[in-house]
Amino acid sequence: SDGCAESRRGILGYNVITGLLTTLTAGVYFTGLLLAMGASENYIGYTTAITSFSGLFQLLTPLLLERFPRRKSLLLAAKIIYHFLNIVVIGVLPILPINTTVKLVLFMVTLIVLNAINHIATPGISAWHMQSLPLEKRGHFYTVSNTGVAVLNKISAFLAGVLLDRFEADGTSLFGISPTITAILLIRAAALIFAAIECG
């Protein structure tokens, strides 16, 4: 009735894909990648703390976005850079032929940068989407969105877990990489496809 139904369908698809990306790149699959890379428990704790504190970068969003007349292009570029760092760079670092200490330092630097970019861009994307969500539509929309995302997240997490368990049980590996990292890289390859769809 408000002419924004198509936009809301696009936002719904965006929310679903974002949820899938989070499931495939964060949580147990992120920690598993760190453990396979030789990270200590203290290091993993630091990554968690950095991810949490990086939320403060959201305070910079109004200051930065107000300087750009065309914000949609900027937000899209930020999202593309974030996905590249989060999926490709983070995924490739563990298999680089360099010292483990150097890997962990590069991993931490990349994590800081990608989280800064994400937390700066996210409020702008939310404000962009909110234009297509009038108050009378939000309740129903978020009910459908949150329910759909939750269900698909559980399914994708289960399927990714089955793949990881199968690779570890069978000792399957590619190019001499450990089975755990091989499975996680395949999971990240799937995430990269979803990221391309999201940014497209």
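**Exercise 1.** Find how many aromatic pairs there are, and describe each pair.

*Solution.* Start with the rule: rings of Phe, Tyr and Trp (its six-membered ring) pair if their centres lie within 6.5 Å, and planes under 30 degrees apart count as stacked, over 60 as edge-to-face and the rest as tilted. By this rule, the count is two aromatic pairs.

Next, take Phe30 and Phe107: their centres are 5.7 Å apart with 45 degrees between the planes, a tilted pair. Phe30 belongs to helix 2 (residues 27-36) and Phe107 to helix 6 (residues 100-130), so this pair ties together parts that are 77 residues apart in sequence. Helices here are DSSP runs (H or I) of at least four residues, and strands (E) of at least two, numbered from the N terminus.

Then turn to Phe141 and Tyr142, which form an edge-to-face pair, 5.4 Å centre to centre and 80 degrees between the planes.

A note on the source: this is a predicted model, in which local features need pLDDT of at least 70 and side-chain atom pairs count only at pLDDT 80 or more, while totals for chains, interfaces and linings use all residues. Residues are numbered from 1 along each chain as its sequence is written, and side-chain values use heavy atoms, with hydrogens and water left out.

**Exercise 2.** Work out which residues of helix 2 and helix 3 meet.

*Solution.* Contact means heavy atoms within 4.5 Å. On the helix 2 side are Phe30, Thr31, Leu34 and Leu35; on the helix 3 side are Tyr43, Ile44 and Thr47. Now sort them: Ala, Val, Leu, Ile, Met, Phe, Trp, Tyr, Cys and Pro count as nonpolar, Asp, Glu, Lys and Arg as charged, and the others, Gly among them, as polar. That gives five nonpolar, two polar and no charged residues.

**Exercise 3.** Which residues does Asn118 touch, not counting residues up to four places away in sequence?

*Solution.* First locate Asn118, which is in helix 6. Asn118 is buried, with a relative accessible area of 16%. The residues it touches are Lys79 and Tyr82, once those up to four places away in sequence are not counted.

How values were computed. Buried means under 20% relative accessible area, exposed over 50%, partly exposed in between (1.4 Å probe, protein chains only).
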